[in-house]
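Here is a short briefing on one protein chain. Please look over the sequence and the model before reading the points.

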Amino acid sequence: MRAALKKYFPVFVLPTLIAFGIAFFVPFIIGFGLSFTDFTTITNAEFVGVQNYVDAFGERSGFTGAFFFTLLVAIVAIVSVNVFAFWIAWLLTRKLRGTNFFRTVFFMPNLIGGIVLGYTWQVLINSVLTQYGTTIISDWKYGYWGLIMLINWQQVGYMMIIYIAGLQNVPPELIESAELDGAGRWQTLRHVTIPMVMPAITICLFLTLSNTFKMYDQNLALTAGAPQGKTEMVALNIVNSMFYEIGQEGVAQAKAVIFVVAVVAIAMFQLRATRAREVEA
């Protein structure tokens, strides 16, 4: 059976590789080349060396500030989303009444588009802040915490489903053995349940990391980077440079390359760190 699978493996993988090449690899190579040019279209690109990369980190660009703001959002959002998702999943695997209903309720926000969520949360937050004579775009801190709440609202339900699947795969006899040995609920969770759920944790951390870093539509709808670009995340900064700043197409492309490399490096580090814990578990 394995020999037959290996024989036909290229046949089944080839369509995916072709799609990956057309949709990602080829555009990335073209984009990487354009990041060293000054262009408005592919046919009129003029080579300028690394000047675009130098300009990307310039004060006018705003890329450095956007990257650090994105990093600040990602750190808090990744931790909070996974803590809440794991906690809810753990509660919904305790054989409580109405668990299927609550799973559906928590998952539903994930089905709503980012633009709709952004404007909805903008209205909700502003309805509270206007009582104090301010709005979400009057202070970057309001926009920051608004993004954190929006990300949690949208992603917790999806991660919860993954954690529920992981928790349901924990052998009951391991829990019973730990309890018979005198382990308390916290000790059982820490030394038995969490190590057994590490594959689910790896997946959820990767998904929240990638989804948060590449966030665009929620950021656009909620604050659009206001005030003065202080709540502008990297994806929004790149799009603004590409389509709304004259003569900055090459700089925007350089930003995109830097962004992709940085996110891939961070994601690979996270995957390596959490998979190492899987081996230990």
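The notes below go from the overall layout to the core, the surface, the backbone and the aromatic rings.

This is a predicted model, in which local features need pLDDT of at least 70, side-chain atom pairs count only at pLDDT 80 or more, and totals for chains, interfaces and linings use all residues. Residues are numbered from 1 along each chain as its sequence is written, and side-chain values use heavy atoms, with hydrogens and water left out.

**Overall layout**

- The protein has 12 helices and two strands. These are DSSP runs (helices: H or I, at least four residues; strands: E, at least two), numbered from the N terminus.
- Read from the N terminus, the elements run α-β-β-α-α-α-α-α-α-α-α-α-α-α.
- Along the principal axes, the C-alpha atoms fill a box of roughly 70 × 65 × 30 Å.
- Of the 281 residues, 41% count as buried. Buried means under 20% relative accessible area, exposed over 50%, and partly exposed in between (1.4 Å probe, protein chains only).
- Among contacts between residues at least 6 apart in sequence, 71% join residues at least 24 apart. A contact means heavy atoms within 4.5 Å.
- The protein exposes about 16800 Å², and carbon and sulfur atoms supply 68% of this area. Accessible areas come from the Shrake-Rupley method with a 1.4 Å probe; for residues, only the protein chains shown count as cover.

**Nonpolar core**

- The largest nonpolar core has 58 residues. Such a core is a set of buried Ala, Val, Leu, Ile, Met, Phe, Trp, Tyr and Cys residues joined through side-chain atoms within 4.5 Å.
- Val73, Leu147, Met159, Tyr163, Val197 and Val234 touch the most other members.
- At least two core residues come from each of H2 (51–56), H3 (63–91), H5 (114–129), H6 (140–168), H9 (198–213), H11 (234–244) and H12 (249–280). H3 gives the largest share, 14 residues.
- Leaving out residues up to four places away in sequence, Leu147 touches Phe69, Val73, Met215, Asn219, Leu222 and Met233.
- In soluble globular proteins, nonpolar side chains tend to be buried together.

**Nonpolar surface**

- Phe20, Phe24, Phe25, Val26, Ile29, Ile30 and Ile42 make a nonpolar surface patch of about 680 Å². Patches take residues with over 30% relative accessible area and no salt bridge; like charges are joined within 9 Å, nonpolar side chains (Val, Leu, Ile, Met, Phe, Trp, Tyr) within 5 Å. A salt bridge is a side-chain nitrogen of Lys or Arg within 4 Å of a carboxyl oxygen of Asp or Glu.
- Ile42 sits in the loop between strands S1 (37–38) and S2 (46–47). Its relative accessible area is 60%, so Ile42 is exposed.

**Backbone in the H10–H11 loop**

- Most residues other than glycine have a negative phi, and most peptide bonds are trans.
- The loop between H10 (217–222) and H11 holds Pro227. A cis peptide bond joins Ala226 to Pro227, with omega about 0°.
- Ala224 lies in the loop between H10 and H11. Its phi is positive, about 55°, although Ala224 is not a glycine. Ala224 is partly exposed, at 45% relative accessible area.
- Gln228 is also in the loop between H10 and H11. This residue, not a glycine, has a positive phi of about 55°. Gln228 is exposed, at 76%.

**Around Tyr142**

- Tyr142 lies in H6 and is partly exposed, at 34% relative accessibility.
- Tyr142 touches Leu129, Thr134, Thr135 and Ile136, not counting residues up to four places away in sequence.
- Tyr142 and Thr223 are 81 residues apart along the chain, and their C-alpha atoms are separated by 9.5 Å.

**Aromatic rings**

- There are 16 aromatic pairs. Rings of Phe, Tyr and Trp (its six-membered ring) pair if their centres lie within 6.5 Å; planes under 30 degrees apart count as stacked, over 60 as edge-to-face and the rest as tilted.
- Phe36 and Tyr53 form a tilted pair, with centres 5.3 Å apart and planes at 45°. Phe36 is in the loop between H1 (2–34) and S1, and Tyr53 is in H2, 17 residues apart. Tyr53 is buried, at 16%.
- Phe69 and Trp140 pair edge-to-face, 6.5 Å centre to centre, with 75° between the planes. Phe69 belongs to H3 and Trp140 to H6, so this pair ties together parts 71 residues apart in sequence. Phe69 is buried, at 5%, whereas Trp140 is partly exposed, at 30%.
- Phe57, Phe63, Phe67, Phe68 and Phe213 form one aromatic cluster.
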